[in-house]
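Dear colleague,

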Amino acid sequence: YLRGYPYSLEVQRPPEDQDVADYFLFEVREGYCDYYATTFVVMARAVGIPARLASGYTGGQYSFSSGAYLVRQRNGHSWPEVYFPGWGWIGFEPTTARAVTELPEEVLLPEERVPGPTGPPARVVRLRWRVAGLGMTTLAVVGLVAAVWLRRRRRRAARVTTLPLVWSWVGRGGARLGLPPDPALTPQEYAVALAAELCARAERARRWKARWTGLAAQGGAVLQHLALLYSAQVYGGPQAMAVDEQAARGVWARLRRPLRWFTWLGWLQRMR
């Protein structure tokens, strides 16, 4: 029965107020020779069989030069011994990592179905609970992020895109670039300042400078066009022609990519 428990050296120390055999059988459910031998002795004595615990060294490597066995620390072992009247103390090996005890004269007994251990090792149970908890937490976080993303997507789909809304998005992008909107600047002046910031970041780029320069030029041109449309609609009076939603979305689609990429470029430059 004890050989059904896995061998392991990574076992926590039993609590001071708990029996070692109970701790090995019903809680930790894995261990090394001391646990196997101690539990064997306790179980044997529980049914009236005289048993004792032996500790010492087994095996070793024979040295022909010295004519003696070389016994190292790894040869340390514990095993149980059972007393047989007329025979004396006979050693047994319940530890899973070692070979089964073979006696010179064995009596064949009828095979009985021995129950297996009470469950997997406690270390495995803890690992399973940690993995399950991590999986549930990850699933909950993914579900929450997906719900927030779907909610924002529905809000954006239901929201009417206008030039004032697009201009507010430009202000947020400029704030991320370190250039928030200034009430003292006209839309055209703010567009010029933001375009200059894009060009300055493109000049500081160490790689793919031509690509960054082209992206800055594209963003600056769209900014100038958007500033003109926004000024004409907001300050043009009742006769001003409003830009439809599709045109406003098109302007933002051309401008969002440069603002986002230059924000990431600035973050990378600060990291360096």
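Does Tyr57 count as buried or exposed, and at what relative accessibility? Please keep in mind throughout that this is a predicted model. Tyr57 has a relative accessibility of 57%, and because a residue is called exposed when this value is over 50%, Tyr57 counts as exposed. The residue belongs to strand S1, which covers residues 51-57, and it is also part of a nonpolar patch on the surface, made up of Tyr57, Tyr62, Phe64, Tyr69 and Val71, whose accessible area together is about 650 Å².

Strand S1 leads on to the sheet. Three strands form an open sheet in which the order is S1-S4-S5 and the pairing is antiparallel. S1 and strand S5 (88-91) are the edge strands, each having a single partner strand, so one side of each is left without a neighbour in the sheet. On average, neighbouring strands of this sheet are turned by 40° against each other, with direction ignored.

For the chain as a whole, the secondary structure comes to seven helices and five strands, and reading along the sequence gives the pattern α-α-β-β-β-β-β-α-α-α-α-α. The chain has 272 residues, of which 28% count as buried.

Turning to the helices, Thr213 is found in helix H6, which spans residues 209-235, and with a relative accessible area of 34% Thr213 is partly exposed. Although Thr213 and Ala202 are eleven residues apart along the chain, their C-alpha atoms are separated by 5.3 Å.

Finally, a word on the cysteines. A disulfide is a covalent bond between the sulfur atoms of two cysteines, and a search of the whole structure for disulfides finds zero.

With kind regards

Technical notes:
Residues are numbered from 1 along each chain as its sequence is written. This is a predicted model: local features need pLDDT of at least 70, side-chain atom pairs count only at pLDDT 80 or more; totals for chains, interfaces and linings use all residues. Side-chain values use heavy atoms; hydrogens and water are left out. Patches are made of residues with over 30% relative accessible area and no salt bridge: like charges are joined within 9 Å, nonpolar side chains (Val, Leu, Ile, Met, Phe, Trp, Tyr) within 5 Å. Accessible areas come from the Shrake-Rupley method with a 1.4 Å probe; for residues, only the protein chains shown count as cover. A salt bridge is a side-chain nitrogen of Lys or Arg within 4 Å of a carboxyl oxygen of Asp or Glu. Helices (H or I, at least four residues) and strands (E, at least two) are DSSP runs, numbered from the N terminus. Buried means under 20% relative accessible area, exposed over 50%, partly exposed in between (1.4 Å probe, protein chains only). A disulfide is a pair of cysteine sulfur atoms within 2.5 Å. Two strands pair if DSSP finds at least two bridges between them. Axes are lines fitted to C-alpha atoms, for helices over the stretch in contact, and angles run from 0 to 180 degrees between N-to-C directions.
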